[in-house]
Amino acid sequence: MELGLKDKCALVMASSSGLGKAIAAEMAREGANVMLFSPFAEQLAEAQEDIYKETGRKPAVFTGSITAPGDIKALVKETADKFGPVYALVNNTGGPKPGPFDAFDDAAWQEAYELCLLSYIRTIREVLPQMRENGGGRILCSTSSSVKAVLDNLILSNTFRMGVVGLAKTLSQELGRDNILVNVIAPGRIGTARIDQLDKIRAEKAGISVEELQKKAFAGIPLGRYGKPEEYGKLAAFLCAPSNTFITGQTVLVDGGMVKAI
């Protein structure tokens, strides 16, 4: 299927590794001009080279903090200067610290809010003028399967990821007439470093090996395995593409059928 992303400008946040990198790679494979963003310069350079080897298209890179308003402003400006108006924005970030309610003070809650919700608000605010002037665009917000079924020991993530859903749904209503489609994509258990970290914590808490814990996890997923980052990336690329003409305001899970909630 021709997605229509060729030479479109795509900005992918938190894209030096994991799901962000996978999304960026799929968009580059579809011919988009991709800007990678991360605070980790060395990882960014590696991701840039990996994507170039995989797709034949070399993304640009910008090093900065997703929680720094000045960095976001500079990022969007440089992206537009290099590739033209941003057509597709992929909001993405690593998760906040795991732990129960009693583990976190005000500072931890504020940090999680700025990481998981306010950063998305800031990037959207910066790209909207470009999208409006250019006749439309696509905004995709990556969250977690916790927006459908909360996850144990992840109260910070559970709380602020739900805020992203409310933000995206409201924006889909406000921006539809501008031909700006806004959706949420939510991973279940995809094989990334984040899942490895959480599995290690869960295994230690349960007093079992990571292998044993994952075997039990696979049993709870109808497809019997964790997802692959590229599977997540392919759906993200479609939702961000001109070929997606009528899907907006939706939250789509990529979880192999794991979440049983309707």
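Tutor: Helix H5 lies across strand S5 (137–142), S6 and S7, where contact means heavy atoms within 4.5 Å. Helices (H or I, at least four residues) and strands (E, at least two) are DSSP runs, numbered from the N terminus. Axes are lines fitted to C-alpha atoms, for helices over the stretch in contact, and angles run from 0 to 180 degrees between N-to-C directions; on that scale H5 runs to S6 at about 160°.

Student: What should I keep in mind about the model and its numbering?

Tutor: This is a predicted model, with local features needing pLDDT of at least 70 and side-chain atom pairs counting only at pLDDT 80 or more, while totals for chains, interfaces and linings use all residues. Residues are numbered from 1 along each chain as its sequence is written, and side-chain values use heavy atoms, with hydrogens and water left out.

Student: At what angle to S6 does helix H8 run?

Tutor: Helix H8 (residues 229–239) lies across S5, S6 and S7. Its direction relative to S6 is about 170°.

Student: In what order do the seven strands of the open sheet come?

Tutor: Two strands pair if DSSP finds at least two bridges between them. The edge strands, each pairing on one side only, are S3 (60–63) and S7 (251–254). The pairing is parallel, and the order is S3-S2-S1-S4-S5-S6-S7.

Student: Which residue of S7 is the bridge partner of Val184?

Tutor: Strand S6 (residues 180–187) pairs with S7 in the parallel sense over four bridges. For Val184, the partner in S7 is Thr251.

Student: Which element gives the largest share of the lining of the largest pocket?

Tutor: On a 1 Å grid over the protein atoms alone, a pocket is an open set of points where a 1.4 Å probe fits, with protein on both sides within 12 Å along at least five of seven lines; lining residues have an atom within 4 Å of a point. The largest pocket is lined by 43 residues, with Thr93, Gly94, Gly95, Arg161 and Arg194 nearest its centre. Helix H1 (18–29), strand S2 (33–38), helix H5 (155–175) and H6 each supply at least two lining residues. The largest share, six residues, comes from H6.
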